[in-house]
Amino acid sequence: MADVVSSPAPEWPFLAVRRGVPLGLALLAVIGALLNNAWQGWFLLLLVGCLAEVWPTFTRGNTYLRNRRAIVRWDGLWTYVFRPLARFLGHEETWILSFCAWNNRRVQEVFKTRPARNALILLPHCIQLARCKADIFEDLKNCYECGLCPVGDTFEAGLQNRWNVRISNRSHKAYREAREFQPDLIVAVSCADRLLKGLTKLAEVPCFVLPLQLPHGMCVDTTYSVPNLIAAMETLVERKPSEDSKVQPLQCEGIA
Ligand code: SF4
């Protein structure tokens, strides 16, 4: 299935490890069982364990959704375990985003054919230009849509499509709001580290993630691809009927 938005990173590094390690061990277990009769039982036990370990990566559709919490937490654990090695090799962000890309693929496989009806967009506060005085945390309508940061375009797209959008300056507030809202899909924008944390903390809710770009470093004047957000929402979320097109202001969370 073609991706609805450009992938944040190739998914193959994560898949190569997530599937390659248990399948490699399974192959060694088969060879060991064939060559060593005395240890055959142990090798067969290892084989079963390896196959059980790799099986969740092949689940799709309803099976994936039903088991998503366990699947994402387990995949997240693999990501955390191999993160130091990726950091040592200088590819930490690519490694995390590879996990995110794999998550995105599975989420879009589900929602491309069965769009979400109650989606929630989560954005970080740092996308607002640091020197901007517009009080978007009071009301996003206060944005002047000057085009200097992604808030204006997001606001416009949100109004037009009646999307539910939250801007938050703290991860735990975003998780709390998301749980209260009870969405059937979250589309979240954040840095790689927070995306990994969010995916594993809110593993029970299908979440499509988009990475932040950090041209000025962490948490200052960050940006992201609004066209990618729009593409994801238009593909994965049910359009609201035009007769209900009462325009509502976006909601946001006040900055501490
Ligand atoms: S688009 Fe302009 S007015 Fe709106 S938040 Fe960004 S910098 Fe401020």
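Which residues in H6 meet Val226, Leu229, Ile230 and Met233 in H9? The tour below reaches that contact at its fourth stop, after an introduction to the whole chain.

**Stop 1: the whole chain**

The model is predicted, and the chain averages a pLDDT of 89, with 91% of the residues scoring at least 70. Select residues 244-250 next: over this stretch the pLDDT is below 50, although the stretch has 11 contacts in the model beyond near neighbours in sequence. Where pLDDT is low, the predicted coordinates should not be read in detail.

The protein chain has 9 helices and 4 strands. The C-alpha trace spans about 75 × 40 × 30 Å along its principal axes.

**Stop 2: helices H1 and H2**

Select residues 12-35, which form helix H1, and residues 40-54, which form helix H2. Their axes lie 8 Å apart and the packing angle is about 160°. Since this angle is over 145 degrees, H1 is roughly antiparallel to H2. The crossing of the two helices is left-handed.

Now show the side chains at the contact. On the H1 side, select Arg19, Pro22, Leu23, Leu25, Ala26, Ala29, Val30, Gly32 and Ala33. On the H2 side, they meet Gln40, Phe43, Leu44, Leu46, Leu47, Cys50, Leu51, Glu53 and Val54. By class, this contact comprises 14 nonpolar, 2 polar and 2 charged residues.

**Stop 3: helices H5 and H8**

Move to helix H5, residues 92-111, and helix H8, residues 192-201. What is the angle between H5 and H8? The two helices pack at about 45°, with their axes 9 Å apart. H5 and H8 are therefore oblique to each other, and their crossing is left-handed.

To view the contact, select Glu93, Ile96, Leu97, Phe99, Cys100 and Asn103 in H5, together with Ala192, Asp193, Leu195, Leu196 and Leu199 in H8. These residues divide into 8 nonpolar, 1 polar and 2 charged.

**Stop 4: helices H6 and H9**

Select helix H6, residues 151-161, and helix H9, residues 226-236. The axes of H6 and H9 come within 10 Å and cross at roughly 20°. As this angle is under 35 degrees, H6 is roughly parallel to H9. H6 passes H9 in a right-handed crossing.

The opening question can now be answered: Asp153, Thr154, Ala157 and Asn161 in H6 meet the named residues of H9. The contact has 5 nonpolar, 2 polar and 1 charged residues.

**Stop 5: the ligand**

Finally, select the ligand and the residues around it. How many residues surround the ligand? There are 13, and the closest are Cys132, Cys143, Cys146, Cys149 and Gly152. Colour this shell by class to see 10 nonpolar, 2 polar and 1 charged residues.

Key: Residues are numbered from 1 along each chain as its sequence is written. This is a predicted model: local features need pLDDT of at least 70, side-chain atom pairs count only at pLDDT 80 or more; totals for chains, interfaces and linings use all residues. A residue is near a molecule or strand if its C-beta atom, placed from the backbone, lies within 6 Å of it. Ala, Val, Leu, Ile, Met, Phe, Trp, Tyr, Cys and Pro count as nonpolar, Asp, Glu, Lys and Arg as charged, and the others, Gly among them, as polar. pLDDT is the predictor's confidence in each residue, from 0 to 100. Two residues are in contact if their C-beta atoms, placed from the backbone, lie within 7 Å. Axes are lines fitted to C-alpha atoms, for helices over the stretch in contact, and angles run from 0 to 180 degrees between N-to-C directions. Angles under 35 degrees count as roughly parallel, over 145 as roughly antiparallel, 65 to 115 as roughly perpendicular and the rest as oblique. A crossing is left-handed if the near helix is turned anticlockwise from the far one by less than a right angle, and right-handed if clockwise.
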